[in-house]
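Hi everyone, thanks for coming. Let me put the structure up on the screen, and then we can walk through a couple of spots together.

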Amino acid sequence: MIRYITAGESHGPGLTGIVEGVPAGLAIHEDDIAEHLARRQKGYGRGGRMAWEKDRAIIGSGVRFGKTMAGPISLYLENRAFEKDKANWPVVMNKESEAEGIEKITLPRPGHADLVGAQKFRFDDIRPVIERSSARETGMRVACCSIARQFLKHFGIEIGGHVIRIGAAGYDSWEAARAQTDSMFPDGAESIYKKADESEVRCLDATLSDAMVEEIKKYRKAGSSLGGVYEIIVTGVPVGLGSYTHWDQKLDGKIAQAILGTQAMKGVEIGLGFEAGAKPGHEVHDEITHDGNAFTRGSNRAGGIEGGMSTGMPIIIRGAMKPIPTMLNPLGTVDMHSLEAQETRYERSDVCALPRAVVVAESVIAPVIANAFLKKFGGDSISEIEERYQEYKQG
Ligand SMILES: Cc1cc2nc3c(=O)[nH]c(=O)nc-3n(C[C@H](O)[C@H](O)[C@H](O)COP(=O)(O)O)c2cc1C
């Protein structure tokens, strides 16, 4: 099974990642990782850091002559913010010296991990909470998951995401989103992200893209922030990944964990999702047919998963991201030391991170699908897995 762990702080020297369980013989290049890291940094509504910090993860181990060796793969991603402001960050984040003379952060932001994190770990300074809960960590997450994406791609499984709502601007129905994406499924889900990437808000519909940009402008002017909803599509998934036999084997459950395990994600749907709860059965379930060759379904409102198992149709996942907690206009808070009522202080921040968060969501899905695939067709090397997969497909 592929597992990954990230380490590092937002303003430390860099982020480290370890990915283990990748079979031998998978072609991996730093450029494959760099592609998604660059995508994570692009998008309308981003803050200052993103504009100049160009991420590139360095592979430190586990790869030889461009192929995995089955051992753990280590990655390192430098924090250029740290480099750029050498006078400040090494002092604030010093590993050796005392905290004396360093200004403590004592105003927790509503909606962030600040207050509860400080209470939980008994910190008298919010800095350690900010440093690790910040979305900077998602850079390494994207890097680690790019390896799982490469694995899936080798077997024809592609992942692509697009934005379906920012604030008040969005598709008004499930069908409207389907009209945008479904004709692209035969080309693979990467065609979806490639087209979506042409929009600065990663929306496939040009008119809606403009409306989304206007929404962001409106709330930037108002000193507030915005979240939204995105869709992640996975194509090329064979029938039968995941299982109904145990609660923790259900593919939809694992997907939900990966999405909700990501900063600021507050909702997840598979297929029709919440809309399914408002419709009668005959408007929800996909009728089964057989085309002489294979079982098919005329519609895919189940979003490619039934009974916790992939149906062979594209997997359609929706995720909801809440608005960014750091805002220009302050919210009420309480100073952790004096216990006086105060207003939050503004720090450099995005207005809407959703267009970038889509890349993170695409990424975190990859190890989930890769592991379900490995469970069914697993082996120690890519060629061994390939043999098993071909056998399954043929028969
Ligand atoms: C790609 C991405 C970028 C983010 N950028 C910011 C940001 O600039 N400022 C901020 O306050 N929160 C930002 N967030 C959200 C916080 O990381 C998140 O709200 C915080 O960690 C609290 O966790 P929770 O929202 O899951 O409860 C971002 C999240 C993502 C996924």
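Let's start at glycine 14, which lies in strand S2, residues 14-20; a strand here is a DSSP run of E, at least two residues long, numbered from the N terminus. Before going on, please keep in mind that this is a predicted model, where local features need pLDDT of at least 70, side-chain atom pairs count only at pLDDT 80 or more, and totals for chains, interfaces and linings use all residues. Residues are numbered from 1 along each chain as its sequence is written, and side-chain values use heavy atoms, with hydrogens and water left out.

Now over to the ligand. It is surrounded by 18 residues, and the closest are Ser133, Ala264, Lys322, Thr326 and Ser349; to be included, a residue needs a heavy atom within 4 Å.

Which polar contacts are there, meaning pairs of N or O atoms within 3.5 Å? A polar side-chain atom of lysine 322 sits 2.8 Å from a ligand oxygen atom, and one of lysine 266 sits 3.3 Å from a ligand oxygen atom. Aspartate 350 uses a polar backbone atom, 3.2 Å from an oxygen atom of the ligand.

Thanks, happy to take questions!

Definitions and conventions
Helix = DSSP H or I, 4+ residues; strand = E, 2+ residues; numbered from the N terminus. Polar contact = N/O pair within 3.5 Å; in protein donor to acceptor, adjacent residues only side chain to side chain.
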